[in-house]
Amino acid sequence: PQDYGRKYHLLMRKENDYRPSSVVKEEFLKNDILPYYKATLAFDDDKSNKDMFLNNGITVLQPYSIDVHNLINSD
């Protein structure tokens with residue numbers, strides 16, 4: 001397929017990096033994304049990641065997940 005001059009970046013944690021995903025994603029956000037892009041929206045199904053994005057001023061849409069299921073179905 002033609003890429004129309006777009007640049008793609010795949011950000012992945014380093015091998016043997018077992019920190020929580022919210023810590024890793026916040027590091028990517030601050031070091032690899034925000035210095036170069038105006039991030040305004042994120043999609044994440046993990047509550048800790050959602051909270052991290054919100055704390056960094058980014059609107060988050062949280063797809064239905066086990067966290068949402070548990071919240072809706074809690075007694």
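A: The largest pocket has a volume of about 350 Å³. On a 1 Å grid over the protein atoms alone, a pocket is an open set of points where a 1.4 Å probe fits, with protein on both sides within 12 Å along at least five of seven lines, and lining residues have an atom within 4 Å of a point. Grid points are joined across faces, edges and corners, and the volume is the space filled by probe spheres set on the points. This is a predicted model, in which local features need pLDDT of at least 70 and side-chain atom pairs count only at pLDDT 80 or more, whereas totals for chains, interfaces and linings use all residues. Residues are numbered from 1 along each chain as its sequence is written, and side-chain values use heavy atoms, with hydrogens and water left out.

Q: Which residues lie nearest the centre of the largest pocket?

A: Of the 16 residues in its lining, His9, Leu11, Phe28, Leu29 and Ile33 lie nearest the centre. Helix H1 gives the largest share of the lining, five residues; helices (H or I, at least four residues) and strands (E, at least two) are DSSP runs, numbered from the N terminus.

Q: Is asparagine 49 buried or exposed?

A: Buried means under 20% relative accessible area, exposed over 50%, and partly exposed in between (1.4 Å probe, protein chains only). Asparagine 49 has a relative accessibility of 2%, and therefore counts as buried. This residue belongs to helix H2, residues 47-55, and its side chain makes a polar contact of 3.2 Å with the side chain of aspartate 44. A polar contact is a pair of N or O atoms within 3.5 Å; within protein, one must be able to donate a hydrogen and the other to accept it, and residues adjacent in sequence count only if both atoms are side-chain atoms.

Q: Where on H2 do its buried residues lie?

A: The buried residues of H2 are Asn49, Lys50, Met52 and Phe53. Seen down the helix axis, they fall within an arc of 160°, so they line one face of H2; the arc is that of the directions from the helix axis to the C-beta atoms. Their cover includes helix H1 (21-33), strand E1 (41-43) and strand E2 (59-61).

Q: What does leucine 61 touch?

A: Contact means heavy atoms within 4.5 Å. Leucine 61, in strand E2, touches Leu41, Ala42, Phe43 and Asp44, not counting residues up to four places away in sequence.
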